[in-house]
Amino acid sequence: MTTAQYNQCVDMYSDGVYRFILKNIRDEDRARDVVQDSFEKMWIKVNEINFEKARSYLFTTAYHTMIDAIRKEKNQTQVDDAVINNHSCRHEYSGLKEILDEALSRLTPDQRSVVMLRDYEGYSYQEIGEITGLSESQVKVYIYRARVFLKNYIGSMDAVL
């Protein structure tokens, strides 16, 4: 891949990668760090990457970088999020986006990742499997279970509105 093609990848994919990571870890600063690390890793291997495969490589790298960051954070002692959430709980929602974000936050990390890649980014089951390291059948199962959970959590649209 040439430098011009790399710059084109930055222009085309940076927003999508950022949205994907942000939806998973819900911290803007950490999401920016993961995206920056991913593009840095891509730059280091720029001569080895085919331009046609750059999007897939970038999302795969970002996914694995995000997982590494989550694991690293688990090893550090921090205030338990559950304690914070108990004291800052709101029972009224101002919009459907808030309801969807809350529902997505209750999914397991694997389910949230595959749903985000499928429904937000439009990847095929096979591409999601390549990005996450799961088999295509595992991806389908995670997506199915996540959608069932979301349907049950959110309920009918009449109850939400």
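Predicted model: local features only at pLDDT ≥ 70, side-chain atom pairs only at ≥ 80, totals over all residues.

Colleague: How many helices and strands does the chain have?

Modeller: The chain has 9 helices and 0 strands. Helices (H or I, at least four residues) and strands (E, at least two) are DSSP runs, numbered from the N terminus.

Colleague: Why is Glu121 called buried, and why is Arg19 called partly exposed?

Modeller: Buried means under 20% relative accessible area, exposed over 50%, and partly exposed in between (1.4 Å probe, protein chains only). Glu121 has a relative accessible area of 11%, so it is buried. Arg19 stands at 46% and therefore counts as partly exposed. In the chain of 161 residues, buried residues make up 32%.

Colleague: What makes Arg19 and Glu121 a salt bridge?

Modeller: The term requires a side-chain nitrogen of Lys or Arg within 4 Å of a carboxyl oxygen of Asp or Glu. The closest N and O atoms of Arg19 and Glu121 are 4.0 Å apart, and the pair forms a salt bridge. Because Arg19 lies in helix H1 and Glu121 in the loop between H6 and H7, the pair ties together parts that are 102 residues apart in sequence.

Colleague: Which residue forms a salt bridge with Lys23, and why is that pair said to tie parts together?

Modeller: Asp101 does, with closest N and O atoms 2.7 Å apart. Asp101 belongs to helix H5 (residues 96–105) and Lys23 to helix H1, so parts 78 residues apart in sequence are tied together. Asp101 counts as partly exposed because its relative accessibility is 23%; Lys23, at 21%, is likewise partly exposed.

Colleague: How many salt bridges are there by this rule?

Modeller: The count comes to 7. Another pair is Glu102 with Arg106, whose closest N and O atoms are 3.0 Å apart. Glu28, Asp29 and Arg32 are linked in a network of salt bridges.

Colleague: What does the side chain of Arg112 reach?

Modeller: The side chain of Arg112 reaches the backbone oxygen of Ser105 at 3.5 Å. A polar atom of that side chain also lies 3.1 Å from the backbone oxygen of Leu107. Leaving aside neighbours within four places in sequence, Arg112 is in contact (heavy atoms within 4.5 Å) with Lys23, Asn24, Leu104, Ser105 and Leu107.

Colleague: Which residues does Phe149 touch?

Modeller: Not counting residues up to four places away in sequence, Phe149 touches Ala103, Arg106 and Leu107. Phe149 is placed in helix H8 (residues 136–154).

Colleague: Why are the buried residues of helix H7 said to line one face?

Modeller: The buried residues of H7 (residues 125–132) are Ile128, Gly129, Ile131 and Thr132. Seen down the axis of H7, they fall within an arc of 165 degrees, so they line one face of the helix. The arc is that of the directions from the helix axis to the C-beta atoms.

Methods. Residues numbered from 1 in each chain as written. Heavy atoms only, no water. Polar contact = N/O pair within 3.5 Å; in protein donor to acceptor, adjacent residues only side chain to side chain.
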